Amino acid sequence: MTVALAVGIDVGSTATKIVFKKDQGDIHCHIRPTGWSPREAAQAGIRALLEETGYSESQIKATVATGYGRIALSFADRTVTEITCHGRGAAFLVPGADLVIDIGGQDSKVLKINNQGKVLDFLMNDKCAAGTGRFLQVMAAALGLDVSELADLSAGQEPVKISSMCTVFSETEVIGLLAQGVAKGAIVAGLHQSIARRMAAMVGRLGKPETKAVFTGGVALNLGVQRSLEQLLGIPVVTHQYSQAAGAIGAALIAQKMI
Amino acid sequence: MEGNMLANFDSIREQNMIALKEVKEKGAKVVGFYCTYGPQELAVAAGAICVGLCGTKEDPIPAAEQDLPRNLCPLIKSSYGFAVSDTCPFFHFSDLVIGETTCDGKKKMFELMAKIKPTYVMQLPQTQEGEASLALMYAEMKKVKEEMEKHLGVTITDEAIGEAIALLNEERRTLKEFFDLNQAKPAVITGMDLLKVSWQLGFHANRKERTVLLRRLIDDLKAKAAEGYHVGDESTPRILLTGTPTGLGSEKVIRLVEECGGLVVSIENCTGYKTLNQYIDENDPRDKLLLLAERYLKIPCSVMTPNTGRLELLERMIKEFQVDGVIDLTWQACHTYNIESTTVGQLVKDKLGLPFLHLETDYSQSDVETLRVRINAFLEMIQE
Ligand code: SF4
Ligand code: SF4
């Protein structure tokens, strides 16, 4: 019998994530920049993943789209919000978690989930770039660094206090700290902590998590933020190699149910 | 609802604008109200026409922001903007405006409004409990009566107040009966239609005609329902909307819920169900102004502290309307509703175990897409 594929696509503001899910076993994941056309990013991603896995297009039996660009994907069978998809995907990656912390390129959210990944409650911040991937990018640039260098640089450093959460003001503050001769590592640790504090406040509004949190979205690749979150929340904050694709995984799981 | 059933309601506001101009020219008096704490019975007893002036549209907000801060509740800015730009005919025709010291924003706004129009600002107590609160409310009913007599050039008799009480009791009972039709599952009225009917009705100059129109609509709907008519189906998420007032122009959350496949089966705010089950005993022989004071003090609005009546009402409505989830709408910078949302959330989530969504927004369309994601996700929480 040929393998039936369920496809999940998460079109984020920065990256598009495509996931293939088979009836049993592994998932295949592909991530690429969204660029200016969500539709083209998604289609190119599917082609790339088909090539990589050797499956044919006819094996795709259901497609679910999510993320801010989901409406542009008219070829999808269904669209589901990134909130529902993230819940499903996170529970799949880290069984037993009761909280999802997602920090993407331009927004952040926290979800309370049950062990099937069903969302019980959520909060979203999409009003400003504060504390998102975009925020880290701007700060890294101000420090003359690449985002990928941030985590290592901050390891073991005593964080300096960054008082502003606004991207514009923080940039000025960071430049000021540099001028005062504060070590870059301490500044980066301070930035991580300020993001974590903001997320912890959002978590606090949903009520205390009990078991463990899954950390997803692009910023989950940053171990510095993860360490700060663990300290503030007092529970394990787990990432996964596929953390960034949690939304697309959730979409693929929902697609699979449609087959 | 099928178009023709609501046809009578679509243009009440427009039609009454013209009617109002005509009767004004013949000497009729008009009293404008901003809030459900305003005792409309007294205006009716004075033979005046009552009009609702609460601003529900974004258009006049820039005009208001010349005098008012930007980070103020849009309802206050819209209300003031209409007044200061003279773009609301109902305000224009009002001989007297009744304001209330509800929240800080409103009471200070009325100071500015009083420069444009004769305005009486009722002093409201901060709490519904205790003798002093009732005494203040009673004293204010007297003051409102005096002000109306002065500005409208009439004497308000006890007998006329008694008749007005009966008339408004009947109107509220009928409107409640209309809302209650939606206790049926599947429902028979969309949230947009609930809003349209209750909001448009408030502009009808002929008070008796309001109840007649509603009665006809209720009868039509009942007949249709008996033939199997309904909106949505058994599985459509039934949403209760609570929080700050909504009207046509500020209906975006209701519209989004229904665009995303849910149904707002009832509306617990003061433009909806909040004040519909507080009646005055028409046979109570006591001072009519005291009866009014008692009734108006019972309104469960967040400007009162504590405001346990709202929680009781919500709990009852959640059961009676077989609600699947509650959305609490707060206009930006409304502190009383914003803070009370924590308590409402605890009731809905912790005590009743239902999904709860708090939304904070204004009258603009700039956040429609981000609201849509939240509302969509909320409906998915209920359905999946
Ligand atoms: S919400 Fe309260 S203060 Fe505001 S208009 Fe309604 S009753 Fe008045
Ligand atoms: S919504 Fe809130 S801030 Fe606005 S007028 Fe009503 S009580 Fe005041």
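The model is predicted.

**Positive phi angles**
- Most residues other than glycine have a negative phi.
- Asp86(B), which is not a glycine, has a positive phi of about 50°.
- With a relative accessibility of 43%, Asp86(B) counts as partly exposed, because that class lies between under 20% for buried and over 50% for exposed.
- Ala333(B) is not a glycine either, and its phi is positive at about 75°.
- Ala333(B) sits in the loop between strand S7 (325-331) and helix H15 (335-351) of chain B.
- The relative accessibility of Ala333(B) is 29%, so Ala333(B) counts as partly exposed.

**Cis peptide bonds**
- Most peptide bonds are trans.
- Lys185(B) and Pro186(B) are joined by a cis peptide bond with omega at about -5°.
- Pro186(B) is placed in the loop that runs between helix H9 (158-180) and helix H10 (191-201) of chain B.
- From Thr305(B) to Pro306(B) the peptide bond is cis, and omega is near -10°.
- The loop holding Pro306(B) lies between helix H13 (288-297) and helix H14 (308-320) of chain B.

**Surroundings of ligand 2**
- The residues around ligand 2 are Cys73(B), Leu75(B), Ile76(B), Cys103(B), Lys106(B), Thr244(B), Trp331(B), Cys334(B) and Thr336(B).
- By class, this shell consists of 6 nonpolar, 2 polar and 1 charged residues.

Definitions and conventions
Residues numbered from 1 in each chain as written. Chains lettered and ligands numbered in written order. Predicted model: local features only at pLDDT ≥ 70, side-chain atom pairs only at ≥ 80, totals over all residues. Heavy atoms only, no water. Near = heavy atom within 4 Å. Nonpolar A, V, L, I, M, F, W, Y, C, P; charged D, E, K, R; others polar. Helix = DSSP H or I, 4+ residues; strand = E, 2+ residues; numbered from the N terminus. Buried < 20%, exposed > 50% of the residue type's maximum accessible area, 1.4 Å probe, protein only.
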